[in-house]
Amino acid sequence: MRSIWNGAISFGLVSIPIKLVNATESHSISFRQIHTEDGGRIRYRKFCELEDREVTQGEIGKGYEDADGSIIPITDEDLSSLPIPTAKTIEIVAFVPGDRIDPLQMDAAYYLQASGAPAAKPYTLLREALKRSNKVAIAKFALRGRERLGMLRVVGDAIAMHGLLWPDEVRAPEGVAPDTDVTVRDKELDLADALMDTLGEVDLEDLHDEYREAVEEVIAAKASGEALPQAPEPAAGGKVLDLMAALENSVRAARESRGEEAEHAEVKSLPQRKTARAAPKQTGGKKSASTAKKTAAKKTTASAKKSTAKADQGTKKTASKSTASKSTAKKTPAKKATPRKRSA
């Protein structure tokens, strides 16, 4: 990989010669501007407004426009000799826990490559110190005409540096959040948690740029004179009126997409208003019927006990009265059964 900056890491009194290498690359498809009538390229030519002629890249330098409109030339030598320690040095100023860094400050990423054999030992020392401390290094460095803030961390066996925005470059989220009071119910949070659990985790290596692939298919089709791929029909959408129903349907759809059967979705459809109002009446009816049965059973048992008691008293007097009492005891529950059915 080609280095874009050469310098050193300043780690206290330790100096580590390094090369700065881009850690990321763009795979986006770039287009040229053309004249739509004949397909001719549209080019931007660089003209000197004083001489009114086109100039080459080698003739172009930097200049600062002053308030009065005059131009002050600035050369690369002027910038390389700036009286600051970070002109050619990544100066580590602190070590902090990684969670102290706000992701909003993250900018471009670079790899720090040890420059030459003498840099191997101090480079490895810094890498292992970062590993053992579970911290990241905060540094200052100058690149492309300005001083920047950076964060050094370990990636595999290398040290990576993330450019950081200065704290005053990150805007406060004023006016972004809803300005109305919203109440979120526990049931809605439970369904949101269920949806998050169903979607689960993902291996970032499995994700890819589908938009770029679709553009490549269109380019290939037009180059070969074939028909362009058809876009899929957009899903029928509508205004979401019921957040609970939307969450439940999302959980069901997510589980079905993962190959889970519908009966294992454990998602219940929201009842309609009529059904919701009728439910207490049906529940109350069941309780009433159950209570009536229990009450009738208690009455029957009590009647049977009374009849048995009478039968015991009749046994002392005559056997015939005892037989009559037993016959009465058997008939007594039958008489109580009729009102029980009517109460149910």
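Predicted model: local features only at pLDDT ≥ 70, side-chain atom pairs only at ≥ 80, totals over all residues.
User: How many helices and how many strands does the chain have?
Analyst: The chain has 344 residues, and buried residues make up 20% of them. Its secondary structure comes to seven helices and 11 strands.

User: In what order do the strands of the closed barrel run?
Analyst: The barrel is built from seven strands, with mixed pairing. From one strand to the next, the twist averages 40°. The order is S1-S2-S8-S11-S10-S9-S7.

User: In which sense do S1 and S2 pair, and over how many bridges?
Analyst: Strands of a sheet can pair either parallel or antiparallel, through backbone hydrogen bonds. Ser-10 has Ser-15 in S2 as its bridge partner. S1 and S2 pair in the antiparallel sense, over eight bridges.

User: At about what angle does H2 run to S2?
Analyst: H2 lies across S1, S2, S7, S8, S9, S10 and S11. Its angle to S2 is about 85°.

User: Which tyrosine does Ile-18 touch?
Analyst: Leaving out residues up to four places away in sequence, Ile-18 touches residues including Trp-5, Ile-9, Ile-90 and Leu-112.

User: Why is the pair of Phe-11 and Phe-95 edge-to-face?
Analyst: One aromatic pair is counted in the model. The ring centres of Phe-11 and Phe-95 are 5.8 Å apart. Planes over 60 degrees apart count as edge-to-face. The planes of Phe-11 and Phe-95 meet that cut-off, so the pair is edge-to-face, at 70°.

User: How many residues apart in sequence are the parts that the Phe-11 and Phe-95 pair ties together?
Analyst: Phe-11 lies in strand S1, and Phe-95 lies in strand S7. The pair therefore ties together parts whose separation in sequence is 84 residues.

User: Are Phe-11 and Phe-95 buried, partly exposed or exposed?
Analyst: Buried means under 20% relative accessible area, and exposed means over 50%. Phe-11 has 22%, and Phe-95 has 34%. Phe-11 is thus partly exposed, and Phe-95 also counts as partly exposed.

Key: Residues numbered from 1 in each chain as written. Heavy atoms only, no water. Contact = heavy atoms within 4.5 Å. Helix = DSSP H or I, 4+ residues; strand = E, 2+ residues; numbered from the N terminus. Buried < 20%, exposed > 50% of the residue type's maximum accessible area, 1.4 Å probe, protein only. Phe/Tyr/Trp six-rings, centres within 6.5 Å; stacked < 30°, edge-to-face > 60°. Pairing = 2+ DSSP bridges. Axes fitted to C-alpha atoms, helices over the stretch in contact; angles between N-to-C directions.
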